[in-house]
Amino acid sequence: METTKQIITETETLNLLIEKEEAITSKLKKQQSLELELKGMAELLSEQIAEKDKLLSELEIKEKQNHEAKETLEKESEILSKQKTSIEKAIENEKARKNENLGDLQVDKPSTSIFVPASAKGQVPPEYMKYYLHAEHEYGIPWYYLASLHAIETDFSRHPTMISSVGAVGHMQFMPETWVGHKYETSGGLVAPDIDITDITLIKAESGYGVDADNDGIASPWSIADSVASAAKYLGYWIQKRCEKGDMAL
């Protein structure tokens, strides 16, 4: 009987241990499942943080782009406003041209030290319009051709010396011999130092292109009025020559 009791006791103990082992195994599985779930949640959180950082970065880039776009629009608006003012001034000058009322063309005596008020690059400074329109009226060259030439040659008289590397001078960059007459040429379009290229008598004697548009008694490439009118005269001459050859029509 004692042996039987012992066997029963040991069997109950073994069953109890088996139940505890099963409970521990079950808990371990649950723990492993929780660990996997937590790992998955951590990975998801990491992805969400990365996505958040990406969105913040994209937002900063868009804000910068919007700021730059705003600045660009403001600059374009300013340019358009200036262009509008310039166009309105040009319309006024065009009306004056049609009414043959171009205003006073008198300017200061010629000087190699020329001050030009600042204006937006690429736009026609309104202070030069009367000279373009006067030259158009006298020689038939559209004012905007003269303005374009002025811009190309000296950036509307902003060139620091108004003398090119080959010796062209003044607002519209004439070679001295073209201005005063081919007879006086020494070499490369230049003339002797003792030749006064502003002398109207010398210019007329050799059919130079210099013009005294401001009526101050001299024809100077340093005078904006004289220089623009002379450019119109020069262009008119060559256009006429081309027409005579049949290369173009008036």
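Reader: Hello! How many aromatic pairs does the structure hold?
Author: Welcome! This is a predicted model, where local features need pLDDT of at least 70, side-chain atom pairs count only at pLDDT 80 or more, and totals for chains, interfaces and linings use all residues. Residues are numbered from 1 along each chain as its sequence is written, and side-chain values use heavy atoms, with hydrogens and water left out. Rings of Phe, Tyr and Trp (its six-membered ring) pair if their centres lie within 6.5 Å; planes under 30 degrees apart count as stacked, over 60 as edge-to-face and the rest as tilted. The number of aromatic pairs in the structure is 9.

Reader: What kind of pair do Y144 and Y145 form?
Author: A pair of aromatic rings is described by the distance of the centres and the angle of the planes. For Y144 and Y145 the centres are 5.2 Å apart and the planes stand at 90°, so the pair is edge-to-face.

Reader: And what is the angle between the planes of Y237 and W238?
Author: Y237 and W238 also belong to a cluster linked by ring pairs, together with F174, W179, Y209 and Y234. Their own pair is edge-to-face, with 5.2 Å from centre to centre and a plane angle of 80°.

Reader: Is Y144 buried, partly exposed or exposed?
Author: Buried means under 20% relative accessible area, exposed over 50%, and partly exposed in between (1.4 Å probe, protein chains only). Y144 has a relative accessibility of 44%, so Y144 counts as partly exposed.

Reader: Where do the buried residues of α3 lie around the helix?
Author: Helices (H or I, at least four residues) and strands (E, at least two) are DSSP runs, numbered from the N terminus. In α3, the buried residues are W143, L146, A147, H150 and T154. Seen down the axis, they fall within an arc of 100° (taken from the directions from the helix axis to the C-beta atoms), so they line one face of the helix.

Reader: Which residue just after α3 has a positive phi?
Author: Helix α3 covers residues 143-154. Just after α3, a positive phi of about 55° is taken by D155.

Reader: Which side chain does D214 join in a polar contact?
Author: D214 sits in the loop between α5 (200-205) and α6 (224-245), and at 1% relative accessibility D214 counts as buried. A polar contact is a pair of N or O atoms within 3.5 Å; within protein, one must be able to donate a hydrogen and the other to accept it, and residues adjacent in sequence count only if both atoms are side-chain atoms. At 2.9 Å, the side chain joined to D214 is that of S223.

Methods:
The expected span of a helix is 1.5 Å times one less than its number of residues.
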